[in-house]
Amino acid sequence: MLFNSYVFCFAFFPIALLVYFAFNAGKKHTAAQISLILCSLFFYGYFKIEYLAILVLSIVVNYLLSRILSKRKTGTKAVLVLGIIANVAVIFYFKYFNFFIDNINALFKTGISVFKILMPLGISFFTFQQIAFLVDSYRGETRDYNFIEYALYVSFFPQLIAGPIVLHSEMIPQFRDLGKKRLNAENCRQGLYRFAIGMTKKVIMADTLAKAVDWGYENYRNLGSLNLILVAFFYSLQLYLDFSGYCDMACGIAKCFNLDIPDNFNLPYKSTSIADFWRKWHMTLTRFLTTYVYIPLGGSRKGYIRTLVNIIIVFLISGIWHGANWTFIVWGLIHGALSVLYRITNKIWDRIVKPVRIIANFIVVTFAWIFFRSDSLKDAGVFIKNIFVWNNAGITAGFFEKFDILELTYIEDHIPVLKNLVSRFPAVNMIIVSVVILLFVFVFEKEPDTDRKYNAWNALVCAALLIWSIVSLSGVSTFLYFNF
Amino acid sequence: MKPQKWIITFFVVIIAGLAGIAVLNVVIDPFFHFHKPIKGLQYPLKEERYINDGIQRYFDYEAMITGTSEAQNFNSSELEKLLDKKTVKTCYSGASFHELSQSIQRAICYNPQLDTVICSFDPNNINTPAEQDNYTDYPEYLYDSNLFNDVKYIYNKDVINKSIAVINYTRSGQKTPDFDEYSRFDIYAPHGKEAVINGLNTSDTTQYGLVLSEDQKKVIEENVTKNFIELADANPDVKFIFFVPPYSYAYWEALERTDQLNYAADSIEYAVGLMVEHDNIEIYDFSDHREIVCELDYYSDSIHYNGTVCDMICNYIASGEGKLTEDNYKEHYDNIIQLYEEMDYSDIREPY
């Protein structure tokens, strides 16, 4: 199930909320937690019932391992190592096995068959979360957690599929807090506000840009340099709005349950350096990699060269974590290299005037996203080559048409002057969409912890945005005739 | 503002907005999902894959013309005259046999009065897997009786737009197209030799000298059996009339040039041979009617013909001309091969 779906908005979310608080109102707090676990499992199994077995098994086995680790008897380090290996092995099998075989075949000219492996959704997230839990169990930080609390911590549906990667120390105390068992109007208000904004970012903005970006990446070989730059630019915005929108929805939903989950984004495209970017983009992943990879490797405590090596290792792991393709690995390494470069040159870099740093940082991040989005290194290479080997400044009509969205064409149909303008200058709709989105991303969007003033106007606007998002979940497809 | 008041304001707007949208889309119902057309409203009748199901559910008819774009230019009034049956037209351009079969099945379920189905039997669709659909994103929620998934129809901004379009269409004084006009395209597409030649695929094909293999025969058999024969057998009171669309001789020219004539004719012959045995299936083929296939003024490209040809097909069907039987179909396809082997293509081979 997705947050941006009819079944979630009209049925699942209201029912899950009502059932949870109904049990709590009757002082049946354990039953409330169990109901939330069952709802979360239903949420996950809605995609594919087979995934559920993997999630449940993962939760049970990791909890049992954590109990052994908590006892801190002899040999528990071996159990920790075994537990980490087992979790990594699970991700390796579902996510990386075929990639591994493809590379073996390419390197050694073997013909080992790959077979279809369905990757359970969110496996990278809930596995990393549980690895962190095992480590903390080994450190004695999880002694008194019971199975229900653990199961809820892992399966809690707002963060199950796409993060944020939450820590037990920030969730389980909240599950225990009796002050959070009553439906709270202020939390609901904040939650609904955030959910509506998140849904708008994902469904209205990101999905609109996605049409142009997908078209651009399907046709990149035939596009001119300027067109390709625009495709890359819009992908940067699309990815941010999609992922941060989803995280906003996650945070908003959790808030309605009186639960705070950490933010994942903090206006990352206003970052002034690559280091600043990673403090503001996918913040919980940065936190995880810092706590469980960078610091155990020695962090910055083992000399200058070793620090730089550790940075590269962390970004390599980040790249691999993101996907089973060399494009993700190269993307990770680019960020590693940029981070190292910043480490070396930050005294010079930080003296540059701020707007220039913001723009330059946005450009390098956008460049790296080309690898992230491309299907292969070869595709990324051609895409980049066609930008730098300047061939033409034209933008194809097919690209412009992706911005002729229903809302704009409806308005234009009723304003002849505007309709005339669009027919003469096909870029108009693209410019309108770009301006609106850029204003949102760079001007209107505030940091997540900003104090908001709630009034009737923003209640109306949020409601209108949510209605607009809901009616945008479905459309009328055009069946292009292929001369059958 | 107090949080309770904010939440109430929020939900009042949401409920009012969603209720208003639901009323609009359910009452206007531009795709006739919930009810038949409302008297007093005029409907533009577009988006065939969305609206055909509604036509099949709620309209009053005893005969139905269906098929791919090869059936879109039919004048249902011509068939009504000849068959003396109220006729609707519900075509799906680019459809596979599977999609057509599903549509016919639904129509039969919706309308017990339906006793005659006329359907194009496209050679281009014969040699494809039985379950194949040529598109994705079908509006399945319109084809079933699951009320819950109707949210995709009710809360759909494109449907809102269509509902508003119906209101504007009515206010502008335009009328709902009849089934002669609905889904036809010959009035928009240029016809004639130049149009046909301009639309020819002149690229070199590597598919020379294909021969119909046993595996391909199995594919054809499964496709035809699962999608049409089983449907006909399950509905013995319904007459199924299939016609092989009369592609122009420009289409056959390409097959002759690439030594695929026998392959194409054998494929159709094999499929037809499976169909002719059944009592409630009639199948017609006009590919040997030179007065059609050689007259490029009827065609907008090598395979699509206009309403004049469709009227001719209607009249042939009514008179029984071109009907294939167990006794004549093999000879018919031998004649087809001979016809197109001996055809003079000199005036359309200019692009090559």
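Predicted model: local features only at pLDDT ≥ 70, side-chain atom pairs only at ≥ 80, totals over all residues.
Which residues does A:Phe234 touch, not counting residues up to four places away in sequence?

View 1. Leaving aside residues up to four places away in sequence, A:Phe234 touches A:Leu209, A:Val213, A:Phe399, A:Phe403, A:Met430 and A:Ser434.

**View 2. The largest nonpolar core, with 164 residues.** A:Phe234 is among the residues with the most contacts inside this core, together with A:Phe3, A:Phe8, A:Phe157, A:Phe257 and A:Trp369. Helix α10 of chain A, residues 225-256, supplies the largest share of the core, 20 residues. A second, separate core has 100 residues, including B:Leu231, B:Ala232, B:Val244 and B:Tyr340.

**View 3. The contact between chain A and chain B.** Chain A contributes 35 residues and chain B contributes 42 residues. The two chains bury about 3400 Å² between them, with 72% of that area on carbon and sulfur atoms.

**View 4. The salt bridge between B:Lys157 and A:Glu407.** The closest N and O atoms of this pair are 2.7 Å apart. The count of salt bridges between chain A and chain B is one, and twelve residue pairs, both at pLDDT 80 or more, are in polar contact. On the side of chain A that touches chain B, the elements giving two or more residues are α1 (6-25), α9 (185-218), α18 (406-414) and α21 (456-471). Of these, α21(A) gives the most, with eleven residues.

View 5. Zero disulfides are found over all chains. B:Cys119 counts as buried because its relative accessibility is 0%. B:Cys294 is partly exposed, at 27% relative accessible area.

Conventions. Residues numbered from 1 in each chain as written. Chains lettered and ligands numbered in written order. Heavy atoms only, no water. Disulfide = S-S within 2.5 Å. Buried < 20%, exposed > 50% of the residue type's maximum accessible area, 1.4 Å probe, protein only. Core = buried A, V, L, I, M, F, W, Y, C linked by side-chain atoms within 4.5 Å. Helix = DSSP H or I, 4+ residues; strand = E, 2+ residues; numbered from the N terminus. Contact = heavy atoms within 4.5 Å. Buried area = accessible area lost by both parts, 1.4 Å probe. Salt bridge = Lys/Arg side-chain N within 4 Å of Asp/Glu carboxyl O. Polar contact = N/O pair within 3.5 Å; in protein donor to acceptor, adjacent residues only side chain to side chain.
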